[in-house]
Amino acid sequence: MRVSAGPGGRGGARSGPVRSALTVRSLPREAALEVTARHCRSELDQYGRCVAASPATWQQDCHQLKLRMARCASSHPIVQKIRHDCAEPFTAFEQCLKQNQASVMNCNEHLNQFLLCAEQVKLMTSGE
């Protein structure tokens, strides 16, 4: 998982194709952030406090906390299961993004396949 939004969040209002493209790219990241917020609250809080306390140098000052947060999230069993069970649709989605950098909306179907797979994994896991 990569968290790179620094202080100020999303940056300004966007509309049209730019906003849509950002939405397509950000959905898997939002799912990862949801897992992080739910299961790695302490790490997320520490990272957030560091970023807020170091507005000019947060990228350098908070790097280790960012790595600790990422390790926590990626070690969670649901993330590992999604990474394993949905590797094929996720790889296809990433490849599509690389091939369609100027028109990421072409990757909606790939994204939907990955999200469907991840949702099925979550449902199967919650039923255990």
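Start by selecting Lys 81, which is partly exposed, with a relative accessible area of 29%. You are looking at a predicted model, so treat each stop on this tour as a feature of that model.

**Stop 1: a charged pair in α5**

Side chains of opposite charge can pair when their charged atoms come close. Both residues belong to helix α5, which covers residues 77-85, and being four residues apart they are separated by about one helical turn. Asp 85 is partly exposed as well, at 32% relative accessibility.

**Stop 2: the whole chain**

Now zoom out and switch to a cartoon view. The protein chain has seven helices and zero strands, so reading along the sequence gives the pattern α-α-α-α-α-α-α, with helices and strands taken as DSSP runs. Colour the 128 residues by accessibility and 28% of them come out as buried. What share of the contacts with a separation of 6 or more joins residues 24 or more positions apart? In this chain the share is 68%.

**Stop 3: the rings of α6**

Next, select helix α6, residues 87-99, and show the side chains of Phe 90 and Phe 93, which sit three residues apart, about one turn of the helix. A pair of aromatic rings is described by the distance of the centres and the angle of the planes. A search of the whole structure finds two aromatic pairs. One of them is Phe 90 with Phe 93, a tilted pair with 6.5 Å centre to centre and 55 degrees between the planes.

Phe 93 is buried, with a value of 2%.

**Stop 4: across to α7**

Phe 114 counts as buried, at 9% relative accessibility. Show Phe 90, Phe 93 and Phe 114 together and you will see the cluster that the ring pairs make of them.

While you are here, click on Thr 91, another residue of helix α6. Thr 91 is partly exposed, at 47% relative accessibility.

**Stop 5: along α7**

Which residues of α7 are buried? They are Leu 111, Phe 114, Cys 117, Ala 118 and Val 121. Turn the view to look down the axis of α7: its buried residues fall within an arc of 130 degrees, so they line one face of the helix. On the face turned away from that buried side, find the exposed residues Leu 123 and Ser 126.

Now pick His 110, also in helix α7. His 110 is partly exposed, at 31% relative accessibility. Leaving aside its neighbours within four places in sequence, His 110 is in contact with Pro 89, Ala 92, Phe 93 and Cys 96. The C-alpha atoms of His 110 and Gln 95 are separated by 9.4 Å, and these residues are 15 apart along the chain.

**Stop 6: the loop between**

Finish at Asn 100, in the loop between α6 and α7. Is this residue buried or exposed? Asn 100 counts as buried, because its relative accessibility is 18% and the cut-off for buried is under 20%. With neighbours within four places in sequence left aside, Asn 100 is in contact with Asn 106 and Cys 107.

Methods. Residues are numbered from 1 along each chain as its sequence is written. This is a predicted model: local features need pLDDT of at least 70, side-chain atom pairs count only at pLDDT 80 or more; totals for chains, interfaces and linings use all residues. Side-chain values use heavy atoms; hydrogens and water are left out. Rings of Phe, Tyr and Trp (its six-membered ring) pair if their centres lie within 6.5 Å; planes under 30 degrees apart count as stacked, over 60 as edge-to-face and the rest as tilted. Helices (H or I, at least four residues) and strands (E, at least two) are DSSP runs, numbered from the N terminus. Buried means under 20% relative accessible area, exposed over 50%, partly exposed in between (1.4 Å probe, protein chains only). Contact means heavy atoms within 4.5 Å. The arc is that of the directions from the helix axis to the C-beta atoms.
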